[in-house]
Amino acid sequence: MRTAIFPGSFDPFTIGHADIIQRALSLFDNIIIGIGTNSLKQSIFPEDKRLQHIQKAYSNEPRVSVEIYTGLTVDFAKQHNAQFILRGIRCVADFEYERNMAEANKQLAGLETVILYTRPEYAHISSTLVRDLYQHGQDITPYIV
Ligand code: PNS
């Protein structure tokens, strides 16, 4: 059984995230979405709302589940016997950050990170951008699932 965790802040979960999950379902038997804490970011959507939003999006997909976790991503992965961490990369600006995280998680627990490239049509969409639009009263429904 190939299990991957897909960790992130998901503040909010976007169509870009959903696209990564959809494509990764051909690589893994199960994907566990982990809503974790990024110490560098200030969230605006409450954790329980993020959980409900993602749960609703995958209510008909038994191979995808979602949980909130605290602490290290590698510990969350170990709790679920996940062998892989799944992440998406949109652009070159994401690369350094992802490389460092992947290396740290490899050293901490021997976990491999599998990176998928965001589809070009979604490459400009980030949770940060969506939060900003939301805070300025814009309709964010085109960006979220
Ligand atoms: O969506 P994000 O904000 O890029 O996700 C970052 C996240 C939550 C995956 C990362 O900050 C994380 O793994 N946090 C949990 C604590 C941890 O394991 N830190 C070490 C990462 S190398």
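Which element supplies the largest share of the lining of the largest pocket? That share, eight residues, belongs to α4. Some notes on the rest follow.

1. Ground rules. This is a predicted model, with local features needing pLDDT of at least 70, side-chain atom pairs counting only at pLDDT 80 or more, and totals for chains, interfaces and linings using all residues. Numbering runs from 1 along each chain as its sequence is written, and side-chain values use heavy atoms, with hydrogens and water left out.

2. Ligand shell. The ligand has 15 residues around it, with Ser-9, Asn-38, Lys-41, Thr-73 and Arg-87 the closest (near here means a heavy atom within 4 Å). By type the shell splits into six nonpolar, seven polar and two charged residues. For the bookkeeping, Ala, Val, Leu, Ile, Met, Phe, Trp, Tyr, Cys and Pro are nonpolar, Asp, Glu, Lys and Arg are charged, and the others, Gly among them, are polar.

3. Who contributes. β1 (3-8) and α4 (92-109) each put at least two residues into the ligand shell, and α4 gives the most, with four. Helices (H or I, at least four residues) and strands (E, at least two) are DSSP runs, numbered from the N terminus.

4. Polar contacts (pairs of N or O atoms within 3.5 Å). Ser-9 has a polar side-chain atom 2.4 Å from a ligand oxygen. For Lys-41, the distance from a polar side-chain atom to an oxygen of the ligand is 2.7 Å, and an N or O atom in the side chain of Arg-87 is 2.9 Å from a ligand oxygen. Of the 540 Å² of accessible area that the ligand has on its own, the protein covers 81% (Shrake-Rupley, 1.4 Å probe).

5. The largest pocket. The ligand takes up the space of this pocket (more than half of its atoms lie within 2 Å of the grid points). A pocket is an open set of points on a 1 Å grid over the protein atoms alone, where a 1.4 Å probe fits, with protein on both sides within 12 Å along at least five of seven lines; lining residues have an atom within 4 Å of a point. Its volume, the space filled by probe spheres set on the points, is about 900 Å³. There are 41 lining residues, and Gly-8, Arg-87, Tyr-97, Glu-98 and Met-101 lie nearest the centre. They divide into 17 nonpolar, 18 polar and six charged.

6. The second largest pocket. Here the volume is about 150 Å³. Residues lining this pocket include Pro-12, Phe-45, Lys-49 and His-53, and the lining comprises five nonpolar, two polar and two charged residues.

7. Pro-12 sits in the loop between β1 and α1, and the peptide bond from Asp-11 to Pro-12 is cis, with omega near 10 degrees. Phe-10 is found in that loop too, with a positive phi near 50 degrees. Most residues other than glycine have a negative phi, and most peptide bonds are trans.

Notes:
Polar contact = N/O pair within 3.5 Å; in protein donor to acceptor, adjacent residues only side chain to side chain.
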